[in-house]
Amino acid sequence: MVRPVLWRQGGEVQVGAAPGSLRLTGLSDPECDLLLDIGAGAAITRAEAEDRGIDSCSWLSLQQVISGPLQLPKPFSPPRLRPVPLDQSESTRAAVTALEALPHEPAGELAILTDWYVSDPLRIRPLMRADRSFLPLVLDDDGATVGPITHPGLTACPGCLELARTDEDPRWPVVATQLRMRGAGRLDRLLTGLVGAAAVLVQASGPGWGWRITREGIGQFTLEPHPDCGCLGPAEAPTG
């Protein structure tokens with residue numbers, strides 16, 4: 001079965017619909033048109049390809065790419081790490097207690113830290129510099145945001161979340177600055193237990209997955225590395 005061929009930009013097409021599918025670059029316009037036609041189901045013969053200015057070797061190579069096995073990059077599989085509290089808040093203790101019941105790698109650690117309203121960059125920065133994996137817990141008047149787990153250089157970080165919020169609300173940095181100056185609120189005991197359960201769910205989820213807990217319910221969300229954050233480093237920053 002021929003996989004779909006999708007145009008990305010001049011001289012570049014994507015073979016397959018899945019994220020991470022093969023991308024072919026540096027193609028001529030006739031080669032792009034040929035691949036798009038094949039992906040749309042057209043049966044292009046060698047003679048027809050030559051009529052379009054594509055030689056036999058190029059035609060065979062493109063045919064093999066289209067019909068070859070799909071090879072996607074292996075998903076990142078975060079290890080189960082031993083939880084280590086970075087503060088003594090109730091939510092941190094609840095998350096640590098819940099995660100300690102899971103099997104974990106003895107040599108690996110997952111720092112657990114709780115902030116009210118907004119993740120504190122002064123607490124986050126040393127963890128990022130030390131390449132230390134951590135689980136941020138952010139509490140507010142309506143509930144809690146648990147995760148995603150940050151593996152520095154590999155997954156999105158709290159800074160990515162702040163930038164995503166700024167994309168949706170340009171005045172968010174002004175609001176966030178005021179929130180960082182507020183004292184801790186009051187934590188509901190039921191919410192404390194749910195934070196622990198959500199921490200387990202985050203540990204079992206894929207990279208970038210987090211959970212939002214409110215009085216109305218629990219919902220899962222994903223966080224992608226933000227292109228303006230730079231937490232992945234210039235060589236690792238996602239493209240496309």
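**View 1. One aromatic pair turns up when the whole structure of this predicted model is searched.** Rings of Phe, Tyr and Trp (its six-membered ring) count as a pair if their centres lie within 6.5 Å, with planes under 30 degrees apart called stacked, over 60 edge-to-face and the rest tilted. Here the partners are Trp 116 and Tyr 117: their ring centres sit 5.7 Å apart and their planes meet at 55°, so this pair is tilted. Trp 116 and Tyr 117 are both buried (under 20% relative accessible area, using a 1.4 Å probe and protein chains only). This is a predicted model, so local features need pLDDT of at least 70 and side-chain atom pairs pLDDT 80 or more, while totals for chains, interfaces and linings use all residues. Residues are numbered from 1 along each chain as its sequence is written, and side-chain values use heavy atoms, leaving out hydrogens and water.

**View 2. Three strands make an open, antiparallel sheet in the order β1-β2-β3.** Strands are DSSP runs of E, at least two residues long, numbered from the N terminus, and two of them pair if DSSP finds at least two bridges between them. At the edges are β1 (5–9) and β3 (22–24), each pairing on one side only. Strand β2 (residues 12–15) is tied to β3 by three bridges, and Val 13 stands opposite Leu 24 in β3.

**View 3. Helix α1 (residues 29–39; a DSSP run of H or I, at least four residues) has a set of buried residues.** They are Glu 31, Cys 32, Leu 34, Leu 35 and Ile 38. They span an arc of only 160° around the axis (taken from the directions from the helix axis to the C-beta atoms), so they share the same side of α1. After α1 comes Gly 41, with a positive phi near 105°.

Definitions and conventions: Buried means under 20% relative accessible area, exposed over 50%, partly exposed in between (1.4 Å probe, protein chains only). Contact means heavy atoms within 4.5 Å. Axes are lines fitted to C-alpha atoms, for helices over the stretch in contact, and angles run from 0 to 180 degrees between N-to-C directions.
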